[in-house]
Amino acid sequence: MRKDEYVDKSMLIAYVNKVLGTQRKFLCVTRARRFGKSIAAKMLNAYYDESVNSHALFHDLNIANDPSYELHLNKYPVIYLDASGFTSELTSDRQRVVHEMNDALSKELRKTYPDVPFEENDTLPGLLLSVVGHTKKQFIMIVDEWDAILREMDDETVIRQYVDWLRSMFKTSFTDRVFAAVYMTGILPIKQYNTESALNNFEEFSMINPGPLAGYFGFTKDEVQALCKKFKMDAAQIKQWYDGYEMGEIKEIYNPFAVMRALNRGKIGSYWTATTTYEGLKRYISMNFEGLKDSVVELLAGNAVRVDVGRFVNDIHEINSRDAVLTLLIHLGYLSYDENRGVVRIPNYEVQQEFERTIRDEKEWGRVTKMLMDSERLLADTLAGNAKAVAVAIDDAHQDNTSILQYNDENSLACVLSLAYVAARKDYTMIRELPTGKGFADIVLLPNRNVDKPAVVLELKFNHSADTAIAQIKEQRYAGMLLDHVGSVLLVGINYDKKTKHHECLIERLTQKVATNVAINSKCGDNSVLSSDQVSDQVVTKYSLSCDQVVVLLNALCEAIPAALMRQLCGRANATYFRRTTIQPMLDDGIIVPTDLESINSPKQRYYLTPKGIELLKQLIKQQTQSQKC
């Protein structure tokens with residue numbers, strides 16, 4: 001595996017080392033398919049296996065610096081069991097799968113330890129006890145795809161036999177004598193029977209509750225940024241397509257399989273979802289549970305949906321409610337779960353496409369399918385400035401979803417519009433309640449990097465007028481901060497009249513090359529900023545941004561904005577790095593000041609331009625203008 005590009009997840013070993021021989025030595029890690037479970041299991045196998053010398057594999061990884069590294073390297077007999085290998089109809093009598101697994105392990109133990117005086121009729125636990133008694137060494141057992149039998153065999157008798165076998169191995173009086181640790185991986189957490197688990201001695205780390213193992217499965221933001229830099233790929237595109245999973249305190253986890261395929265092929269595409277048919281997703285989102293279809297529509301619109309994850313009993317064959325479906329989709333990787341808020345959302349564009357593809361092929365989705373098909377036309381009419389066609393399309397979207405979404409205020413209108421503009425997600429990032437100018441724009445479509453299209457600001461009104469919506473965009477300066485970032489902005493004002501039950505739309509286009517914010521002239525000062533005529537060269541060094549980026553940022557800072565928006569405008573992903581290399585130097589130079597001087601880390605903190613910053617912006621614009629003339 002290390003002959004290919006390898007992202008270092010070796011500190012997982014340090015955690016397992018820490019629990020060896022303790023009451024916490026039973027670990028069950030569950031993640032969606034192709035999230036690195038098997039690679040991690042094989043890494044543990046290579047590290048602990050006493051039959052090989054693995055120094056060459058691990059000496060340059062992070063684990064080599066851990067105090068426990070030498071203590072446990074190649075010190076244990078390891079039993080590695082891939083349970084999925086026993087579920088194929090071609091290789092097994094499916095009714096005897098548990099017996100075949102048990103027999104295979106027994107035969108290999110006898111073959112591996114020919115000097116141990118086994119009894120002829122010894123059971124598998126008896127064989128293991130004999131080996132431990134003879135060698136004085138405990139086993140480490142690794143079970144990959146532990147739940148394959150539960151997922152692939154809808155036979156309660158076989159499932160019962162398997163669970164009983166697991167319990168006989170890992171939850172009996174002999175277990176502590178035989179195993180130094182047991183590590184299982186799978187997709188589903190351990191199945192619940194009645195009021196307690198059959199294996200409640202296992203500590204579980206799942207997509208819902210990943211605990212301290214959150215960062216060891218899937219790629220983190222920093223890991224992806226390093227890979228994108230090495231492979232010369234656009235990090236923003238990779239994020240849009242493959243990010244979006246939340247694992248405990250780590251809010252940005254990427255699908256590792258899809259990321260590596262995109263990097264190796266040098267092309268963005270649907271890689272993870274292409275590894276299986278959409279039949280599984282179709283089966284679950286088409287189930288006739290109350291509220292499920294409404295929730296899927298909300299998810300397609302980009303909204304978060306509340307879920308009770310306790311309604312799922314960790315059995316793929318026992319789905320009996322909307323919450324159970326949504327929880328299963330978390331485990332399968334189709335939804336991302338925010339455990340602090342108890343909500344789910346579609347994580348990224350790759351999975352969004354899979355939802356759309358599934359719905360398009362299902363007749364019972366009817367009007368939602370039509371709306372998805374009409375969405376591309378709506379976006380095209382919006383970009384063309386065809387306000388009348390846009391109003392008609394939104395009328396249709398409203399009527400198609402009246403039975404699904406309550407429609408009595410601007411928030412409901414925003415939800416319908418988010419769904420109506422779902423086709424925009426291919427080239428745009430859709431942001432609800434974006435802080436811009438003096439307030440919050442209802443919906444902003446921000447073009448992705450390398451997309452030559454205008455930004456779109458949608459302002460929504462309920463029982464007012466489209467003129468009022470356009471006026472608010474201008475008055476609150478919603479579009480001003482976007483102009484230099486994207487070149488042109490469409491102002492789209494939409495009003496819904498409750499009496500006529502029709503929408504009215506107005507569209508205006510703003511274009512502007514370099515920022516010439518009128519606020520600059522009204523706030524001029526005599527503060528000198530840089531003595532050199534080549535202001536831009538010094539700015540690049542001082543603030544770790546290009547001259548164009550500084551102009552965009554300073555122009556936006558004519559109004560107070562948060563650090564997160566500053567970072568977004570500059571195309572920076574790492575908040576700590578951006579604060580250290582850009583925000584703090586600007587504060588030190590007196591270019592910007594915070595709105596809250598007493599609580600610098602307040603979540604409500606904003607920053608705005610000082611007279612010295614305004615003077616710097618004027619100098620940069622002047623220099624850019626001269627360069628353009630030349």
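The legends below describe close-up views of a predicted model. Residues are numbered from 1 along each chain as its sequence is written, and side-chain values rest on heavy atoms, with hydrogens and water left out. Because the model is predicted, local features need pLDDT of at least 70 and side-chain atom pairs count only at pLDDT 80 or more, whereas totals for chains, interfaces and linings use all residues.

View 1. Lys 25 is buried, with a relative accessible area of 4%, and Asp 176 is partly exposed, at 41% (buried means under 20% relative accessible area, exposed over 50%, and partly exposed in between, with a 1.4 Å probe and protein chains only).

**View 2. Further salt bridges, out of 19 in the structure.** Arg 151 pairs with Glu 145 at 2.9 Å between the closest N and O atoms; Arg 151 is buried at 19% relative accessible area, and Glu 145 is buried as well, at 15%. Lys 251 and Glu 246 meet in a salt bridge of 3.5 Å, N to O, in which Lys 251 is partly exposed at 36% and Glu 246 is buried at 17%. Salt bridges with shared partners also join Lys 221, Lys 239, Asp 243 and Glu 252 into one network.

**View 3. The second largest pocket, with a volume of about 1,200 Å³.** On a 1 Å grid over the protein atoms alone, a pocket is an open set of points where a 1.4 Å probe fits, with protein on both sides within 12 Å along at least five of seven lines, and lining residues have an atom within 4 Å of a point. Of the 39 lining residues, Arg 33, Arg 34, Phe 35, Gly 36 and Phe 257 are the closest to the pocket centre. The elements α2 (37-48), α7 (148-152), α12 (256-265) and α13 (279-285) each give two or more residues to the lining.

**View 4. Two arginines over aromatic rings.** Arg 33 lies over the face of Trp 272, at 4.5 Å from the ring centre, and Arg 34 lies over the face of Phe 257, at 4.7 Å. A charge sits over a ring if NZ of Lys or CZ of Arg is within 6 Å of the ring centre and within 35 degrees of the ring normal.

**View 5. An edge-to-face pair formed by Phe 170 and Phe 202.** The ring centres are 6.0 Å apart, with 75° between the planes; rings of Phe, Tyr and Trp (its six-membered ring) pair if their centres lie within 6.5 Å, and planes over 60 degrees apart count as edge-to-face. Phe 170 is in helix α8 (residues 156-170) and Phe 202 in the loop between β6 (196-197) and β7 (203-205), 32 residues apart, and both are buried.

Definitions and conventions
A salt bridge is a side-chain nitrogen of Lys or Arg within 4 Å of a carboxyl oxygen of Asp or Glu. Grid points are joined across faces, edges and corners, and a volume is the space filled by probe spheres set on the points. Helices (H or I, at least four residues) and strands (E, at least two) are DSSP runs, numbered from the N terminus. Rings of Phe, Tyr and Trp (its six-membered ring) pair if their centres lie within 6.5 Å; planes under 30 degrees apart count as stacked, over 60 as edge-to-face and the rest as tilted.
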